[in-house]
Amino acid sequence: MNGLKRFLMQGSVIDLAAAFAIGAAFTSVVQSFVTDVLTPLISALGGLPDFSSLKITVGRSDFMYGHFINAAISFLMISTAIYVLVVRPYKHHRDRTAAKIGARTRDCPECLSKIPKAASRCAFCTAQMA
């Protein structure tokens, strides 16, 4: 029981649980954005039809391929919304932060570690900086 308790209290398990909860909450926000904002906007501009009634009947079985088409369109809209609203701004922020960090550091000529520009000696290999 102690092993299980230690495992559950590890930082990675707690972080994973928090990320899962935030992901679930974020899913409902993105789903609402697509359903309540993007879909009506696209319908108003292009007349997006509802494909859920499309089906093929073979014998007594109905193959509801219209639901699949709706799901595929919904997936494309959600993935586009996530890319535009989350991924692109995050990449922009990450690149700006990396550029600021890169401007404050230089490579050690001996061990190639990143060290502050103002350093007179490498903290990793203790090489004298010129």
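Analyst: Buried is used here for a residue under 20% relative accessible area, exposed for one over 50%, and partly exposed for one in between, with a 1.4 Å probe and protein chains only. By that scale Cys122 is buried, at 2% relative accessibility, and Cys108 is buried as well, with a relative accessible area of 0%.

This is a predicted model, in which local features need pLDDT of at least 70 and side-chain atom pairs count only at pLDDT 80 or more, while totals for chains, interfaces and linings use all residues. Residues are numbered from 1 along each chain as its sequence is written, and side-chain values use heavy atoms, with hydrogens and water left out.

A disulfide is a covalent bond between the sulfur atoms of two cysteines, and it is counted here when a pair of cysteine sulfur atoms lies within 2.5 Å. The structure holds 0 disulfides. Cys108 is in no disulfide, and its nearest cysteine sulfur, that of Cys125, is 3.7 Å away. Cys122 is likewise in no disulfide, the nearest cysteine sulfur being that of Cys111, at 3.7 Å.

The charged contacts come next. A salt bridge is a side-chain nitrogen of Lys or Arg within 4 Å of a carboxyl oxygen of Asp or Glu, and by this rule the count comes to 3 salt bridges. One of them joins the side chains of Lys114 and Asp107 at 3.2 Å, N to O; Lys114 is exposed, with a relative accessible area of 54%, whereas Asp107 is partly exposed at 41%. Another links Asp62 with Lys55 at 3.7 Å, N to O, where Asp62 is partly exposed at 40% relative accessibility and Lys55 is partly exposed at 44%. Asp95 and Arg94 also meet in a salt bridge, at 3.9 Å, N to O, with Asp95 partly exposed at 48% and Arg94 partly exposed at 40%.

As for confidence, pLDDT is the predictor's confidence in each residue, from 0 to 100. The chain averages a pLDDT of 83, and 95% of the residues score at least 70. Helices (H or I, at least four residues) and strands (E, at least two) are DSSP runs, numbered from the N terminus. In the chain, confidence is lowest in helix H1, residues 2-8, at a mean of 78, and highest in strand E1, residues 56-58, at 92. Where pLDDT is low, the predicted coordinates should not be read in detail.
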